[in-house]
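Trainee: I'd like to go through this model and ask what stands behind each label. Can we take it term by term?

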Amino acid sequence: MKSALFTGAAVTLGLILASIGSAQANAASPADAGSRAAAHQPTAQARQHGIEKAGDAYMGWLANNSMTPAAAAPAVMAPAATVEGIDVASHQGNVDWTAQWNAGRRFAYVKATEGNYYTNPYFAQQYNGSYNVGMIRGAYHFATPNDSSGANQATYFVAHGGGWSRDGKTLPGALDIEYNPYGATCYGLSASAMVSWIRDFANTYKAKTGRDVPIYTNLDWWTRCTGNSTAFNTTNPLWVAKYASSPGTLPGGWGFHTIWQYSSTPIDQDRFNGDMSRLQALANG
């Protein structure tokens, strides 16, 4: 009898230990985010732009011939029906949102994630702070298409702040797809592969949120890395980067831009192409 009890107890203990071991294995099965981040070493050029480690990438980090930095906002070019905004990342730290509101900014985009290995440590202060001061706000994802699929990164983005709700104050999450600060400009992908990656991200984001993801890019990168694809110009709002007095030639056959990032001085500045009612309509979907 003792032997039977002992055997039964041993089997039970073995099953418990096996269950724990299995759970631990499953929890550890995704590659460690820290090791994934460590694999991304910024190029010398990226370091010159303040990108010291994985996760430091931000919208418009590389100013090149297509994005010549402007010393000041091209205010004289602004038509009446526009709304001013900014975009921020960890570089800005804790943002004084009251000061930004008083400066006339009415919307903000906040970096939430990068690849599938990084979340912005200042996201809560920036995302909630902009909302609390009265701004319409949204989150953006810095894409690294050589790391994982578009679906994987869209899922990571939605799970870490990139979601959307119809509360009138939340913009759809945006995809930041631009120069690679960690290596080859086009992330080692062909133009067709890049278009497929973007489509995978966009389709997954829409399936999870019901919204078409705005695409942030610039003419030079889009031409080089997607072959100036026209695959998204009827579905996804364009957020174009052009540091000049006008948005200039738009990439990808888009007939108009929705947001224009026109300056990085003294902070990344954006202009919505419409009045406040149209911005609210974008938020409401």
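Mentor: Strands themselves (E, at least two residues) and helices (H or I, at least four) are DSSP runs, numbered from the N terminus. Before we go on, this is a predicted model, where local features need pLDDT of at least 70, side-chain atom pairs count only at pLDDT 80 or more, and totals for chains, interfaces and linings use all residues. Residues are numbered from 1 along each chain as its sequence is written, and side-chain values use heavy atoms, with hydrogens and water left out.

Trainee: What makes β2 and strand β3 (residues 118-119) a pair?

Mentor: Two bridges join β2 and β3, in the antiparallel sense. The definition asks for at least two, so they pair. One place to look is T113, whose bridge partner in β3 is T119. The hairpin of β2 and β3 has three residues between the strands, and G115 there takes a positive phi near 55°.

Trainee: Which way do β1 and β2 run, and how many bridges join them?

Mentor: β1 and β2 run parallel, with four bridges. G85 stands opposite F107 in β2. Strand β4 (residues 136-142) is also parallel to β2, joined to it by seven bridges, and Y140 in β4 is the bridge partner of K111.

Trainee: Why is strand β2 (residues 107-114) called mostly covered?

Mentor: Eight of its eight residues are buried. Buried means under 20% relative accessible area, exposed means over 50%, and partly exposed lies in between (1.4 Å probe, protein chains only). Over the chain, 48% of the 285 residues count as buried.

Trainee: How do you know that E84 and R271 form a salt bridge?

Mentor: A salt bridge is a side-chain nitrogen of Lys or Arg within 4 Å of a carboxyl oxygen of Asp or Glu. The closest N and O atoms of E84 and R271 are 2.5 Å apart, so the pair qualifies. This pair links distant parts of the chain: E84 sits in strand β1 (residues 83-88) and R271 in strand β9 (residues 269-272), 187 residues apart.

Trainee: Is each of those two buried or partly exposed?

Mentor: R271 has a relative accessible area of 5%, so it is buried. E84 comes out at 21%, so it is partly exposed.

Trainee: How many salt bridges does a search of the whole structure find?

Mentor: Five. Among them is E52 with R47, whose closest N and O atoms are 3.4 Å apart. E52 is partly exposed at 45% relative accessibility, and R47 is partly exposed at 33%. D212 and K206 form another salt bridge, with their closest N and O atoms 3.4 Å apart. D212, at 25%, is partly exposed, and K206, at 40%, is partly exposed.

Trainee: Why are α7 and α8 called roughly perpendicular?

Mentor: Two packed helices are described by the angle between their axes and the distance between the axes. The axes of helix α7 (residues 191-209) and helix α8 (residues 219-226) come within 7 Å and cross at roughly 110°. The axes are lines fitted to C-alpha atoms, for helices over the stretch in contact, with angles from 0 to 180 degrees between N-to-C directions. Angles under 35 degrees count as roughly parallel, over 145 as roughly antiparallel, 65 to 115 as roughly perpendicular and the rest as oblique. So α7 and α8 are roughly perpendicular to each other.

Trainee: Which residues meet there?

Mentor: A191, M194, V195 and I198 in α7 meet W221, W222, C225 and T226 in α8, where contact means heavy atoms within 4.5 Å. The residues divide into seven nonpolar, one polar and no charged. For the classes, Ala, Val, Leu, Ile, Met, Phe, Trp, Tyr, Cys and Pro count as nonpolar, Asp, Glu, Lys and Arg as charged, and the others, Gly among them, as polar.
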